[in-house]
Amino acid sequence: MATASPDSGGLIRWTTESDPQGPASSRITPVLLEGQEPIRVTPDWLWTPTGLNGLYGDLNFGKGKATGRARLKVEHLVTGLRLSADPGTVRDESVVYELRLASNGSRNVQGAYAAFNLGGASEHVLFSGEPGKVLADRPDTVSIIVGVCNGSSRATISTNREGRRTAFQFGSHGAAESTAEFIASAGFDPSLSFYEENLARLSAVFAGNVVIHSPESVRYSILIDVPWRGYWLYMYPALKQGQASARAYDQWRGEVTRRSRRVANRTKDLLREVLGDRVGSTEIIYRDELAALDGILSDMGPGRVPDLKVLVDTLRNSEDDLWKVILDPGVRSLVKARDKFLAPEIHTVQELCQAAYVVAVLRRMLAGAVMSVNDYVELPIEQSVEAWTKVLVGHGMLPFRGTSFAVYPFSHFVPLEEGQAMYHRDPGRDVTVNDPNGISGLRHGQRVDLVDLLPGSYPW
């Protein structure tokens, strides 16, 4: 079976290609990261053996400050958590750069992922926030939030009255504010998708590996953050517009509930495997921040769709101090996230679901320092948390015992399609190996279950 580091040296990462019409044309191609020259993994990702500065092709890396900051944050993570490794050995010189195509046709360097080598793992990581500040006091109590998701654009399926798959897919669009077609059924493919399995393993292995290399005196709590009732709300706009049946909504709630538990349990099993002897001293928890809406959402259906204000007021009037603050119009008006002040009131389902993610992090900050581990596409969550922290800590509104930062490990599997994230371009599990040069150890043209490659791809 293929591994992350072949006998020849270097690292193997994989590109995936997905045909949205079906899995028959899906394939994976290994990319060997080695040598002294930069390697373009995909149009969106560039690996280099050492940091770049100045001009390289059509890219401008400036003075290389992003690379320097990323490497410094790796050192701060190692020293702040007192990991059993020399910061100099954890960080080698290689970097993965995230690239994005701008509207004018030029390419921008979006982020720098610094090398992070710990135990048997060789990763590249992006940071949001300042681990040096969060971990400055070498905390003895740390929460890790492991972010995972349900479904994917391939695994999440809705159909119309004729039984045809609709253009609206929950996994692709989330809680969109308009629904073009009537939804007669909605659910998931029976098997966990490659996206779900990959993200669960990526996050769990990174989090668990950090714990087992920390002193036993450090107490860890790991929160598995899988959306549950927030996914129920994905059907809210369709119900409000009369574009979904009662059967579809009831089916969706049941499927989401089962899927959330299944993904959470899968992530928990992976964590326990990595933690080994430390599992007994590590708290693993699961909490849904929208649980207070259970009754209202369970009773919802065609012709019985409450205004969004009813949902917001239910949370605002609960006994939860965090939700009271997050939904306070006066406080919200002080929060500037991503160069924009928040509106005093929540107006969309998306905003409510995003607020729940923020609350999950802030709740752990009441106990101490927090490190989130997630897919890089979830970067806006931590940016919002930082904006809220600035206001709440600055005004002394809640008794926080710590602050937060986030780590985004670079996935070992990335879509070849430009500008695409794995959630939207899940290749499926049944894929063909495209490896004419024999890089991976797999046979060229061989069909494999992509999930079978994950254990060897993420060692610890």
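Helices (H or I, at least four residues) and strands (E, at least two) are taken here as DSSP runs, numbered from the N terminus. The model is predicted, so local features need pLDDT of at least 70 and side-chain atom pairs count only at pLDDT 80 or more, while totals for chains, interfaces and linings use all residues. Residues are numbered from 1 along each chain as its sequence is written, and side-chain values use heavy atoms, with hydrogens and water left out.

Select Ser404 to begin, in strand β18, which covers residues 404-409. Ser404 counts as buried because its relative accessibility is 7%, where buried means under 20% relative accessible area, exposed over 50%, and partly exposed in between (1.4 Å probe, protein chains only). Beyond its neighbours within four places in sequence, Ser404 is in contact (heavy atoms within 4.5 Å) with Val134, Val361, Met365, Val370, Glu382 and Val385.

Although Arg82 is not a glycine, its phi is positive, at about 55°. Most residues other than glycine have a negative phi. Arg82 is partly exposed, with a relative accessible area of 30%.

Finish at Arg138, in the loop between α3 (131-134) and β10 (141-147), where phi of this non-glycine residue is also positive, near 50°. Arg138 counts as partly exposed, because its relative accessibility is 39%.
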